[in-house]
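The following note sets out some comments on the model shown below. Please read the points alongside the sequence and the coordinates.

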Amino acid sequence: MSLATDQRERCPLCEVEIHGQGGPADRVIFSRGTPGSRSKLWARVCQYLKSDAQRSRCINQDPELRGDCRPGDGFEEIDAIQIGDSMP
Ligand SMILES: [Zn+2]
């Protein structure tokens, strides 16, 4: 339970809603698929914005708010992780 009220922000460029208090724990509501994190949104959408004008309108450009990217944030295939190779 938290005392602060969640806010809802909508990114006009990425077409997502971000629910939360402004930080890595925020939930990002994508137009399709399951909700994710700000870092997932960054990995999939925001980092590809091309111009400064676009970036200035995006609400997910602050690295402190989105935190570190986590495995699975991007589109990379799961077989990039070779399970078993490092096992004795
Ligand atoms: Zn954005």
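Which backbone nitrogen lies 3.0 Å from a polar atom of the side chain of D26?

1. The backbone nitrogen in question belongs to Q21. A polar contact is a pair of N or O atoms within 3.5 Å; within protein, one must be able to donate a hydrogen and the other to accept it, and residues adjacent in sequence count only if both atoms are side-chain atoms.

2. The model is predicted: local features need pLDDT of at least 70 and side-chain atom pairs pLDDT 80 or more, whereas totals for chains, interfaces and linings use all residues. Residues are numbered from 1 along each chain as its sequence is written, and side-chain values use heavy atoms, without hydrogens and water.

3. D26 sits in the loop between strand 2 (16–20) and strand 3 (27–29); strands are DSSP runs of E, at least two residues, numbered from the N terminus. D26 is buried, because its relative accessibility is 7% (buried means under 20% relative accessible area, with a 1.4 Å probe and protein chains only). Beyond its neighbours within four places in sequence, D26 has contacts (heavy atoms within 4.5 Å) that include I18, H19, G36 and R38.

4. Strand 2 and strand 3 run antiparallel and are joined by three bridges; pairing requires at least two DSSP bridges between two strands. I18 is opposite V28 of strand 3. Six residues separate the strands in this hairpin, where G22 has a positive phi near 85°.

5. Strand 2 also pairs with strand 1 (residues 7–11), in the antiparallel sense, over five bridges. Here Q7 faces G20 of strand 2. Strand 2 is largely enclosed by the rest of the structure, because four of its five residues are buried.

How values were computed
Buried means under 20% relative accessible area, exposed over 50%, partly exposed in between (1.4 Å probe, protein chains only).
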